[in-house]
Each structure stands twice: as structure tokens, then as C-alpha cells.
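Here are a few exercises to work through with the model open beside you. Each task comes with a solution in steps.

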Amino acid sequence: MFKIRRWHSTPLLLCGLFATTAYCNGINPPRPSGARTVEAICTDRKSGNTTTLQRARISVDEPTGSLEVRVGASAAKVLQLSQIVRVKIPSSKLASDGFAKASLELLEPSYNGPGFVKLRARGKPVRLSGFTADLDRVEMPLVTCKELALKASQPSEAQRGEVSKK
């Protein structure tokens, strides 16, 4: 009787050895399926060092994939990071509404010129977060970036669920 009980847990342990995929558990970064991932390169304002973040997100309270920008005197727009190519922030001075002067290069809508970017919302700094090449989680205030370059990847056909017919 003891031999049966002793070997009873062996199949459960063997199932763990054959697992091939580790999903998001708070330690491993999440794997996007069918979404456009964004790589951000932040040039530090003081040191000039660059930090490359994979799967970049913007967060104030909750992480999102969007940044609030304003062009000229128009109303503020919330743009996805995949729609932005480059943001140059020459000064860390903020207006009372949390916006700072910036040079914007946008894909959608196509625009290249002066504008404003939101660096503080609801009294909290807007933060850039993501993962380094070593899969370490990094979170930094966006105001520390002198220049932010963004590059969005295209989802592969397999990730979008499309099947090729041969």
C-alpha cells in the first residue's frame, strides 16, 4: 500500500519537466500575442547614457500603451506609442497642466515639428516602463529622458491567427 502512495505523485512531477512555455507570473515578462510591441530608447538628460526598453509602456497609475501629446493650440490627444517615432524634450520645465515643450515626430497623424508632451498627470510623474535585454524590469520617470525614440514591431502572420494556404 505504501508503494502505491509513494509513486502516486511521480506523474505530476514529470508533467512539470515537459512544460515548454512559461507564461506571465510576475517574474517573466508577458508575451504579446498578435499585438505590436514597442521598443523605447531613452537618452538620459544628465548623463547622456541610453537605456533600451523592450515592451515599453507608459504609466501614471496603471500601465498603458499611450502617451498624451498636444500640437500647437489644439486639444491634447492620446496616441499609442506605436504611432510615435521620436520625442525630444529640451527642458524638464513643466507648465501648470503637466505638459512640457517637445519636438515631436509622429506617424499617425503624420507630423514633424514642435508640440507638447504630458510629463505629469494627477500630481504624479508619467513613467516609462519595460524590460531590458537581460529581462530586468525598469521603470523611470519620462522627465529624465532628453530624447525618446520609439520603434514598433509588426506582428507576424502566425501571431495574428492567419493561416497560409499551400
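**Exercise 1.** Count the aromatic pairs, then look for charges over rings.

*Solution.* Take rings of Phe, Tyr and Trp (its six-membered ring) as paired if their centres lie within 6.5 Å. By this rule the predicted model has zero aromatic pairs. Next, apply the charge rule: NZ of Lys or CZ of Arg within 6 Å of the ring centre and within 35 degrees of the ring normal. Arg-70 sits over the face of Phe-99, 4.5 Å from the ring centre. Arg-70 also lies over the face of Phe-116, at 4.7 Å from the ring centre.

A word on conventions: residues are numbered from 1 along each chain as its sequence is written, and side-chain values use heavy atoms, without hydrogens and water. Because this is a predicted model, local features need pLDDT of at least 70 and side-chain atom pairs pLDDT 80 or more, while totals for chains, interfaces and linings use all residues.

**Exercise 2.** Find the disulfide (cysteine sulfur atoms within 2.5 Å) and describe it.

*Solution.* There is one disulfide. Cys-42 and Cys-145 form it, with sulfur atoms 1.9 Å apart. Cys-42 belongs to strand β1 (residues 38-44) and Cys-145 to strand β13 (residues 145-152), 103 residues apart; strands are DSSP runs of E, at least two residues, numbered from the N terminus. The angle of -115° about the S-S bond makes the link left-handed. Finally, both cysteines are buried, meaning under 20% relative accessible area (1.4 Å probe, protein chains only).

**Exercise 3.** List what Leu-148 touches, counting heavy atoms within 4.5 Å as contact.

*Solution.* Leave out residues up to four places away in sequence; the partners of Leu-148 then include Cys-42, Val-87, Leu-128 and Leu-142.

Technical notes. Helix = DSSP H or I, 4+ residues; strand = E, 2+ residues; numbered from the N terminus. Buried < 20%, exposed > 50% of the residue type's maximum accessible area, 1.4 Å probe, protein only. Contact = heavy atoms within 4.5 Å. Phe/Tyr/Trp six-rings, centres within 6.5 Å; stacked < 30°, edge-to-face > 60°.
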